[in-house]
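Hi,

Here is the structure I promised to pass on.

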Amino acid sequence: MNQSIRSAWLAAVAMFALIFGAISYVQVVGADELNDNPWNQRAVLADYCKDRGAIIVAGKPIAESVAGDETCSFQRKYTQPELYAGITGYFSRTYGASGLEQELRDELAGSSDQLFLDRISQVFLGRQAKGASVELTLDPQIQKLAYDLIPDGQRGSIVVTNPKTGAILAMVSKPSYDPNLIATHDVAKEQASFEQLNKIPGINLNQSVSGPTGALLAPGSVFKLIDTAAALNSGKYNKDSELPNPASLPLPGSSASLPNYAGGNCYTRTTADFAFALEQSCNTPFARIALDLGQEAIADQARKFGFGQDFGDQLKLQSAVSVFPPDLDDAALAQSAVGQRDVKATPLQIAMMTAAIANGGVQMKPNLIKNVRAPDLRVISEPEPEVLRNSTSPAIARQITEWMTGVVSKGIGGGAAVPGVEVAGKTGTAQLGDSGLNNSWFTGFAPANDPQVAVTIVIEGVDVTTGAQLTSPNAKKIFEAVLNK
Amino acid sequence: MIQPDAAPKPRRNVELALLVLALAVGIGASAMVDLNSETPFDNDFWFQSSLLAVAAFAFHIVLRLRAKYADPAILPIVVALNGLGLALIHRMDGPGDDTGNNQLRWTLIAVAVAITVIWFLKDHRILRRFTFISLAASAILLVLPLIPFISAGEVLGARVWIRLGPMTFQPGEIAKITLAVFFAGYLSSNRDLILLAGRKIGPLQFPRFKDMGPMITAWLVSIGVLVFQRDLGSSILFFGLFIVMIYVATSRISWVVIGLGLILGGGFVASRIFPHVGFRLDSWWNAFTPEVYDRFPGGSRQIVQGLFGMADGGLVGTGLGQGRPDLVPFANSDMIIALIGEELGLIGLFAVVLLYLLLFTRGFRAALGTRDAFGKLLACGLSFAIALQCFVVIGGVTRLIPLTGLTTPFLAAGGSSLLANWIIVGLLLMISHTARSPIDTTPMTDTPSEAVKQP
């Protein structure tokens, strides 16, 4: 028996050898990687009481460090907190930071490499180190307008961009919250507020992404723009192609069928051209196109518009990756082609898709940062507009733009029309199961021939009528506000 | 067989010296924590430190009286771990939290119970008479948390708690001991039968099917714990305990092969059927995927935050009270290893793991030294249980294996675990006493079966 006791002991020692290895890996070998992980709050928290730089919109701080109490010499303060919470994020002693507070931690805390000389001089001058301030591309009036257009108690997001530069002019979502509640130095209050806020449906402060960059939603018919691009790109279709437009399409290999959109005039024709199919948002022509071109062609086009990809290095916000699922059977492919089933996109992704069409097929990197300034106001970085990827050819983008203007001038997106301006747009209504509720979308840009602004609106979990009222007509208000500036 | 030392020495004075060292570690850690608190060296500190010292010295005196040949390293190791645990739990206490004092209360209860066991049991071999009573006791202990009026309901997804007046208790921790007693009693009586019968397939001799009864029972108990109590950690622990004991009893590697096969098979099916097991695996393998990280409950936030803490600690740690273990959920219980890694660094954590290594090695040494098969099996099983429990916990925290809800012996906050582990220490001390004492005065009931196994 003693021999097997020794073997059992050896087995136990072997387990401990593995433990020693694992500890060494975590604490020494892999430590740098873990320390750099974006979810790691420890670096941010080490700077908790420092004088952080401000986050600025149009010259006014929306987040700044003000004099604190005896436990901490500086206190983070947010002005118009709910309006900008999705962008600034919070900065808390217990929970660390989120949003720009987290992603720009090095700049705001003054520990980025570009601020090295400033740190040295501050040491010699005997001053406390101060962080850089960050000015955003946002337009405060548009941001406020967009925020107020989503009724309180309604979940939804709005993204307004300049399609030519990728600059984000407004990005809002509801429900929002007041980050001041979590930035307080009173730990008990802070924790109580955090738990309280997390109970509100639609708010999860534990999540690393949320709102326009994080919510993964069924895109519904706005996805048809990708089908259209794929169709034209394949060479099998051209602008005059006649598409079959049956009232419903039996789904291959299943007893179910895909009906046409009931809200428009799809039922009036059994065949349709692209213009009509987009104007009335008919489902069956696009499902047929997807079945004809196959999974790979649609997935490839979706990828070129940004599905399954990131948003580049200028956004500085954590974002969720939009999904066009692989390995679909024909029934799933047909439903996915109209933005249902497992296709999921963030509001920002849809905004970027539209921006690419507006910008002649070239997708610009979405950009939130206008400039970063050292404490002495010297500009230390100022991102230039950069191309993210080529989504489609200029000719195809032009063609889709023409059809999108039809959606607004003759089709079901009429609510977005602005007198005297040619507006291009596309609506979407993604059904949420059998609840009768939908995610209601509008995405578009204006003017169609020289796009200055792209607007994407999604209102979650509403009936068709409410959705229609809160999307296209609101887009019109934003177009007018931007173009009249 | 190992022969007793030529001139066996009690070595109680060595133990006393080591005990002073151990108390210095525990109380020193407490002092460092206190220096960083708002009211350094208040009454709580002196109260805690003196009570810990009193408990340790009382235990030492009882050993002098009742088990003077007991292994001199075991008690100091355990006191050091327990003292460090008290300091760390106290360190995590926020304003108004009473976990530290609660842990101290349980430490005193546990030491008292372990002393009682040593005082009245006198000899571990008496336990052999309770083989089947232990089995019944295990069954009752494991079923208790499922009975409506006694059960404390589902806590964090597992049903392992019962309500005892104002307190809650995890009977499964005690079941670890009663199961070990049962296995040791059953296997020491039946090992010849299990050994001799069997069929040879290839290089391995497989047991007869009817001799597999106990193993199937152990497997079913483990599966039952997993299914009804949703406690993956205990399930692994019980089954591992059994495999080692039957392997030691028979020296047949085939048991280990069958056992591992059953574990992998059961684990695979469980991960497919039960979401809580599937989540555990997913949180381990895909810990750094956003969906898994953000999932609640059952996400990987806890383990990932623990890793961040350990990485931040690096080689030498941030220093006690200087890190941010409050970012890690359950830093004073399930994740206390991450807390040690963060604040005491790789060096401190290595020291703690080495203490565990020494502890179970001393247990195995007692198993080698004692002359009765029952004692050998019991010491072996209990020592291996400590090692396996450490492996499962520390491996889980470092993401070597999936994280399961087991406590870190002597360190983690939790009364039931503390009590069970102190009783285990009491038993190991008694077995080591018989192993190291010069003449064995008790008639040995196991002599015939030992003779069979003489190499």
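Below is what I found in it, starting with some ground rules.

This is a predicted model, so to speak of local features pLDDT has to be at least 70, side-chain atom pairs count only at pLDDT 80 or more, and totals for chains, interfaces and linings use all residues. Residues are numbered from 1 along each chain as its sequence is written, while chains are lettered from A and ligands numbered from 1 in the order in which they are written.

Now the place where the chains touch. Chain B brings 43 residues and chain A 35; a contact means C-beta atoms, placed from the backbone, within 7 Å. On chain B's side, α13(B) gives the largest share, 11 residues. That side has 30 nonpolar, seven polar and six charged residues (nonpolar is Ala, Val, Leu, Ile, Met, Phe, Trp, Tyr, Cys and Pro; charged is Asp, Glu, Lys and Arg; the others, Gly among them, are polar).

Finally, a helix pair in chain B. α1 (residues 12-35) and α3 (residues 74-92) pack at about 10 degrees, axes 8 Å apart, with axes fitted to C-alpha atoms over the stretch in contact and angles running from 0 to 180 degrees between N-to-C directions. α1(B) and α3(B) are therefore roughly parallel, the word for angles under 35 degrees.

Cheers

How values were computed. Two residues are in contact if their C-beta atoms, placed from the backbone, lie within 7 Å. Helices (H or I, at least four residues) and strands (E, at least two) are DSSP runs, numbered from the N terminus. Angles under 35 degrees count as roughly parallel, over 145 as roughly antiparallel, 65 to 115 as roughly perpendicular and the rest as oblique.
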